[in-house]
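Dear colleague,

Please find below the structure that I am handing over to you.

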Amino acid sequence: MPSWGDRLLAAGGAPVTVPRDPARDAARDELLNAEYHKNDPSILQRAVDWFWDHVSGALGSISGDGTSGTTGLVLFLVVAVLIGAALWWRLGAPGRAARTTGDVYGVEGPRSAAQYRADAAGHAAAGRWADAVREQMRALVRGLEERTLLDSRPGRTADEAADEAGRALPEHAAALHAAARTFDDITYGERTADQAAYRLLHELDRTLEHTRPVLTPGAAAPAASASTPTQAPGGTA
């Protein structure tokens, strides 16, 4: 005997008997209509909700006793590590963004190359390699400024000094960039200074002291014309 679910009303109001399976299929098809699901959460949202439901459950179980509390704590620590690793991978190590942005001379401003070299040697003798590296790089840059191979410009970074000096001293451009990276890694990064890092900058500084710059074409022309005496009218110097 048909149940109440097997009866539908015809247009005139008379009951119509519909077999059970077709009625179920018709109801299912009707419920699959997109209009009924336009406000449903997306698959991604359901996945996120599922994840946070489990995390919330784990956090709630931390306050429990015995195995449930231990399991929840372990799960919480695992999630925290994963989130930290993701942030580390996305943003990088702390301080990375601040590297290579500081004035090579720091807040004290420039001093003479001789003073920087003396301070670097004193730090090296005491085994203070980070200070020795910083002072030696400053001596190198200041020495190039004193030789007018670099203009004296406040705010210049070690990388900028290496770029500019490398154009005048192309044979040492690679060594200058390596020295700038060493200075940045030790001053602004997380690298530990050692004697080898100091020796790298010290030897490069000594080498550059005796290196002649490469002049661009026409650079000597103004000097030559300036040294030529001007002949007075009538051929008298």
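**Salt bridges, helices and surface**

The side chains of Arg199 and Glu203 form a salt bridge, with 2.7 Å from N to O. The two residues belong to helix 8 (residues 195-209) and sit four residues apart, about one turn of the helix. An α-helix has 3.6 residues a turn, so residues three or four places apart point the same way. Arg199 is partly exposed, with a relative accessible area of 36%, and Glu203 is also partly exposed, at 34%.

Please note that the model is a predicted one. The chain contains nine helices and two strands, and along the sequence the order is β-β-α-α-α-α-α-α-α-α-α. Of its 237 residues, 27% are buried. Among the contacts with a separation of 6 or more, 54% join residues 24 or more positions apart.

A network of them links Arg142, Glu145, Asp151, Arg153, Arg156, Glu160 and Glu164.

Next comes Glu164, which forms a salt bridge with Arg153 at 2.5 Å between the closest N and O atoms. Because Glu164 lies in helix 6 and Arg153 in the loop between helix 5 and helix 6, the pair ties together parts that are 11 residues apart in sequence. Glu164 is buried, with a relative accessible area of 19%; the cut-off for buried is under 20%. Arg153 is partly exposed at 31%.

Arg142, also in the network, lies in helix 5 and is buried, with a relative accessible area of 18%. Beyond its neighbours within four places in sequence, Arg142 is in contact with Tyr105, Pro110, Arg111, Ser112, Ala113, Tyr116 and Ser152. Arg142 and Tyr105 are 37 residues apart in sequence, and their C-alpha atoms are 9.0 Å apart.

Helix 5 (residues 129-146) also holds Arg138, a residue that counts as buried at 12% relative accessibility. Leaving out residues up to four places away in sequence, Arg138 touches Val104, Tyr105, Gly106 and Tyr116.

How do helix 6 and helix 7 pack, and at what angle? Helix 6 (residues 158-168) and helix 7 (residues 173-187) meet at an angle of about 175°, with axes 9 Å apart. The two helices are therefore roughly antiparallel to each other. On the side of helix 6, the contact is made by Ala158, Asp159, Ala162, Asp163, Ala165 and Gly166, and on the side of helix 7 by residues including Leu176, His177, Arg181 and Phe183. The buried residues of helix 6 are Ala158, Ala161, Ala162, Glu164, Ala165, Gly166 and Ala168. Their cover includes helix 5 and helix 7.

Lastly, the surface carries a nonpolar patch of about 550 Å², made by Leu44, Val48, Trp50, Phe51 and Trp52. Val48 is found in helix 2 (residues 43-62) and counts as partly exposed at 32% relative accessibility.

Yours sincerely

Notes. Residues are numbered from 1 along each chain as its sequence is written. This is a predicted model: local features need pLDDT of at least 70, side-chain atom pairs count only at pLDDT 80 or more; totals for chains, interfaces and linings use all residues. Side-chain values use heavy atoms; hydrogens and water are left out. Patches are made of residues with over 30% relative accessible area and no salt bridge: like charges are joined within 9 Å, nonpolar side chains (Val, Leu, Ile, Met, Phe, Trp, Tyr) within 5 Å. Accessible areas come from the Shrake-Rupley method with a 1.4 Å probe; for residues, only the protein chains shown count as cover. A salt bridge is a side-chain nitrogen of Lys or Arg within 4 Å of a carboxyl oxygen of Asp or Glu. Buried means under 20% relative accessible area, exposed over 50%, partly exposed in between (1.4 Å probe, protein chains only). Axes are lines fitted to C-alpha atoms, for helices over the stretch in contact, and angles run from 0 to 180 degrees between N-to-C directions. Angles under 35 degrees count as roughly parallel, over 145 as roughly antiparallel, 65 to 115 as roughly perpendicular and the rest as oblique. Contact means heavy atoms within 4.5 Å.
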